[in-house]
Structure formats: structure tokens, C-alpha cells
Amino acid sequence: MDVLNPMTYDAEEDQLRDRTKYSQMDKHIIPVEFQQQPVSTGTTIVAVEYDGGVIIGADTRTSAGTFVMNRFTDKLTPLTDQIFCLRSGSAADTQAIAQVVTYQLDFLSAEMNEPPLVRIAANCVRRMIYQYRDDFLAGMIVAGWDKKLGGQVYSCPLGGLLVRQPVTLGGSGSTYIWGYLDNNYRPNMTKDECYDFVLKGITLAITRDGSSGGCARIAIINKDGVERIDVLGNDLPKVFDL
Amino acid sequence: MGDDILSYNGGVALAMKGKECIAIACDKRYGVQNRTIATNFTKIFQYSDHCFVAFCGLATDVQTVSERLKFRTNLYELREQRKLKPNVLYNMLTNLLYERRFGPYFVFALVVGLDPKTGETFVYDSDNIGAISDNVNLVTVGTASEYIFGLGELFFKPNMNADELFEATSQALLNGVDRDSASGWGAVVYVIEKDKITVRELKGRQD
């Protein structure tokens with residue numbers, strides 16, 4: 001709908017639609033069936049720090065308008081061995097940013113002869129988003145483990161902000177679980193408590209948000225490396241049956 | 001979800017014909033663009049012992065058109081002192097929709113019916129301005145209709161019995177809505193035979 005309705009307004013989706021709209025003339029020439037909706041990972045992404053590492057999670061749906069293009073997407077993209085980014089917003093934009101930053105970090109680690117810090121990876125992502133802020137639609141979370149500061153989560157939302165947070169959410173589905181976070185997150189949770197928190201949050205968002213769905217992909221990053229867990233539909237925790 | 005009025009609330013329905021039985025099914029989602037608000041919004045309404053209609057599209061029009069049609073069918077039954085036949089119901093519906101030809105309701109409809117004496121089956125669909133269709137084997141309406149059509153054509157066989165028909169309809173619906181973010185969150189399937197009507201609620205993926 002063209003009218004801004006605050007209850008259902010989703011900034012990312014709306015801007016995405018405007019940016020990639022065909023010119024007004026094309027609208028009359030191209031038949032409605034062929035007018036494409038942009039591909040977005042309208043999504044739910046969650047990242048939380050615990051003592052010794054980070055736990056990150058995302059849903060697995062990529063949609064173009066209402067069509068579900070991919071039911072089992074992987075939105076947890078490695079930037080280095082122990083730093084991951086979580087992608088939300090335009091699928092093309094976030095994939096491009098992840099590719100460029102992976103190259104930059106690879107080059108950097110060759111120069112410095114040691115793995116890059118999480119903050120540096122987050123800054124590379126932030127720099128790209130800020131530089132192309134008028135063109136990109138990318139909200140990303142960078143999370144990982146390094147020797148200096150342990151597990152860290154950095155949020156790099158739409159305009160090009162960089163901020164470290166102990167726990168953060170992103171994507172269109174995150175709006176439904178901020179309340180859940182405020183109620184259920186406590187500092188210094190154990191690894192298992194954080195895992196349950198992430199999984200439950202994603203499940204709740206999947207249930208309510210149309211742009212999130214599929215299964216939950218979770219990764220645990222600590223000094224020993226990365227452990228990836230895919231929780232399929234039947235194994236998601238039971239939430240209130242609407 | 002875009003500006004499309006027909007995908008503002010989402011939803012989907014399908015109907016299939018069998019041997020002296022018909023199945024009609026719909027999803028249960030009520031949402032506003034991305035957000036799912038309820039999962040108990042069924043889109044199938046009963047107008048006579050063996051006549052059912054499913055409406056898909058803008059939720060307010062689903063409610064309004066179903067109620068306005070009920071008004072007309074009630075009057076028919078009072079005046080004629082007999083129950084509606086499916087083809088009569090279908091013609092009443094298309095007439096109701098065409099009355100609003102230049103300011104239409106945003107609902108697409110499916111009408112199904114069975115004649116309990118002869119076992120003759122009726123499955124029709126209509127667009128939002130009352131276009132009349134033939135009595136066909138398989139119909140689908142809604143945001144996921146293209147995906148369900150493909151599966152429906154695959155699973156459909158002529159002259160299926162009630163159990164096979166239920167399986168075919170449910171599988172086509174449940175798997176089709178997996179590719180649509182505006183439908184799903186459970187389903188209801190009605191299987192209508194000469195002597196009984198079976199209603200089953202399916203759980204499905206809640207995403």
C-alpha cells in the first residue's frame with residue numbers, strides 16, 4: 001500500500017520497493033505478471049555474546065514479494081574462519097558486501113600475518129554500507145571471536161552505523177521479538193541458555209513474520225572454531241499456537 | 001508484499017473433484033502484508049447441505065461477500081421453500097459480483113456442490129467480477145494459486161474416492177503454500193460425499 005501505515009510499516013521492504021521500481025512509463029508497458037519484486041532476505045537474524053564466544057542464528061527464507069525463492073537459505077556467511085556476518089535486506093547487496101569484505105580481510109590477514117579482529121571486519125562492512133548508503137539496502141550483523149577481546153557482536157544497520165552490543169536483532173522479523181528479548185535476555189547467560197534464547201527468538205519471529213520462515217540455522221563461534229547447527233521445522237521449539 | 005490489493009491479506013483455497021465426492025480446502029492465515037495476526041481465519045462457507053463456497057482476497061470483502069450471499073440465499077430458501085442447488089448458488093454469486101462491475105469486490109471465489117440423489121459433482125470458479133467458468137476438475141484461487149495448480153495437476157486423477165481425494169487435495173495445498181509467504185499457517189479440508197461431510201484440520205508449517 002502506498003499509504004504509510006505505522007503499524008505495518010517495514011522500512012527495509014518499503015525502501016527496497018521504491019528504489020528498484022521501474023520508471024512510471026515501464027509500468028504501463030510491462031505486463032503486471034512480468035514486473036518483478038526485488039529479492040530480499042526479509043528475515044530474522046539474532047546474535048548474542050556469551051563468555052567465551054558468540055551464538056548467531058537466522059531463519060532460512062528468501063522471498064521476492066510473496067514468492068519464496070529459497071526455503072533453505074544460508075544467511076550466516078563466513079567472512080573469515082572465526083568471523084561471520086548475518087545478512088538482512090536486499091539479497092544482492094548483502095552478498096556483494098560479504099564478498100568484498102571477505103577479500104579485504106583475506107588481504108589484511110596476509111599483511112598482518114594474523115587473523116583480523118572482529119571490530120576490523122565490522123568496520124569494513126560498515127564502511128561499505130556508509131559509502132553506498134543511498135544505493136544499498138543492507139542491515140548486517142558481524143559477530144565472531146578473536147584473541148584480543150573474545151566473543152563480540154557488532155551491529156551495522158541501514159545508514160552505516162557501527163555499534164557493539166551484547167545482544168542484537170535484525171531483519172523484518174526482529175520487530176516481533178524485541179519484546180521477547182527485553183523480557184528474556186539477561187547478561188552473563190551460559191552457552192546453552194544463549195542457544196535456547198536464540199532458537200526460541202527465531203521460532204517466534206518465523207511464526208509471526210511473513211518474510212521469515214523455513215528452518216533455523218545457528219552457529220556457535222568460540223576459540224575452538226565454528227559449530228553449525230541446522231534446526232529443521234519439526235524440531236523447532238513449540239510456541240503458543242495462534 | 002507490494003501494492004497488490006489481492007495479496008494484502010493473503011490466503012488460498014482449492015477444490016478438486018472425485019467420484020461422487022468433492023474436496024474443498026483453504027489455509028487459515030489472516031495477516032496484514034508481512035504480519036500474521038491470526039491463524040483461525042477460514043475462507044470456506046456453507047450455503048446448503050452440500051454447497052460450499054470459498055472466497056480468497058481482501059479479508060474485509062471475504063466477510064462482506066459471504067454475508068451478502070448468505071442474505072440472498074436465505075431469501076431464496078424462504079421464497080422457494082427448498083434448498084439451493086450448486087449451479088443456482090453459482091449464478092447468484094456471479095450476479096452479485098457483476099453488480100459491482102466498475103467498483104468490484106476484491107475476492108476470487110470457488111463454488112463446489114454435490115447433488116445427493118444423483119451424485120453429480122459441481123466445481124466452479126469465478127474472478128472478482130463474476131466471470132463464469134465451466135464445471136471443471138480442479139480450481140485454485142489466492143496468492144499461492146499458481147504453485148498449487150502445478151501440484152494439483154500432478155496429484156489429480158479422474159474418479160478418485162474420498163480418501164485419495166483428501167490426500168491429493170491436502171498435499172497440493174500444504175506443499176503449494178510453502179512457496180508463498182502470504183498463505184499457510186494451517187489448513188482446513190472439507191470432503192463432501194453423498195451421505196456425509198468430513199472436516200479435517202491440518203497443522204502444516206507455521207511459517
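Analyst: We can begin with helix H4 of chain A, whose buried residues are Val118(A), Ala121(A), Ala122(A), Cys124(A), Val125(A), Arg126(A), Met128(A) and Ile129(A). Please keep in mind throughout that this is a predicted model.

User: What do the buried residues of H4(A) pack against?

Analyst: The buried residues of H4(A) pack against strand E6 (76-80), strand E7 (83-90), H3, strand E8 (138-146) and E9 of chain A.

User: How do you know that the span of H4(A) agrees with what its 14 residues should give?

Analyst: The expected span is 1.5 Å times one less than the number of residues, so the 14 residues of H4(A) should span 20 Å, and because its end C-alpha atoms are 20 Å apart, the two values agree. The reasoning carries over to helix H6 (residues 191-208) of chain A, where 18 residues should span 26 Å and the end C-alpha atoms are 26 Å apart, which agrees. The buried residues of H6(A) include Cys194(A), Tyr195(A), Phe197(A), Ile202(A) and Ile206(A).

User: Why is Gly150(A) called buried?

Analyst: Buried means under 20% relative accessible area, and Gly150(A) has a value of 15%, so the word applies. Gly150(A) lies in strand E9 (residues 150-156) of chain A, and, leaving aside residues up to four places away in sequence, it touches Gly144(A) and Trp145(A). Gly150(A) and Ile97(A), by comparison, are 53 residues apart in sequence and 24 Å apart in space, C-alpha to C-alpha. For chain A as a whole, buried residues make up 52% of its 242 residues.

User: Why is Asn113(A) called exposed, and what is said of its phi?

Analyst: Exposed means over 50% relative accessible area, and Asn113(A) has 70%, so it is called exposed. Asn113(A) is found in the loop between helix H3 (91-112) and helix H4 (118-131) of chain A, and its phi is positive, at about 60 degrees, although Asn113(A) is not a glycine.

User: What makes Glu20(B) partly exposed?

Analyst: The term covers values between the limits of 20% and 50%, and since the relative accessible area of Glu20(B) is 37%, Glu20(B) is partly exposed. Glu20(B) sits in the loop between strand E1 (12-17) and strand E2 (21-27) of chain B, and its phi, near 55 degrees, is a positive value in a residue other than glycine.

User: Why are H3(B) and H4(B) called roughly antiparallel?

Analyst: The axes of helix H3 (residues 145-155) and helix H4 (residues 162-177) of chain B come within 8 Å and cross at roughly 150 degrees. Angles over 145 degrees count as roughly antiparallel, and H3(B) and H4(B) are therefore roughly antiparallel to each other. The crossing of H3(B) and H4(B) is right-handed, and among the residues that meet there are Tyr147(B), Ile148(B) and Leu151(B) in H3(B) and Ala168(B), Gln171(B) and Ala172(B) in H4(B).

User: How confident is the predictor in chain B and in the complex?

Analyst: Chain B has a mean pLDDT of 95, with 99% of its residues reaching 70 or more, while the complex is given an ipTM of 0.82 and a pTM of 0.84.

Notes:
Residues are numbered from 1 along each chain as its sequence is written. Chains are lettered from A and ligands numbered from 1 in the order in which they are written. This is a predicted model: local features need pLDDT of at least 70, side-chain atom pairs count only at pLDDT 80 or more; totals for chains, interfaces and linings use all residues. Side-chain values use heavy atoms; hydrogens and water are left out. Helices (H or I, at least four residues) and strands (E, at least two) are DSSP runs, numbered from the N terminus. Buried means under 20% relative accessible area, exposed over 50%, partly exposed in between (1.4 Å probe, protein chains only). pLDDT is the predictor's confidence in each residue, from 0 to 100. Axes are lines fitted to C-alpha atoms, for helices over the stretch in contact, and angles run from 0 to 180 degrees between N-to-C directions. Angles under 35 degrees count as roughly parallel, over 145 as roughly antiparallel, 65 to 115 as roughly perpendicular and the rest as oblique. A crossing is left-handed if the near helix is turned anticlockwise from the far one by less than a right angle, and right-handed if clockwise. Contact means heavy atoms within 4.5 Å.
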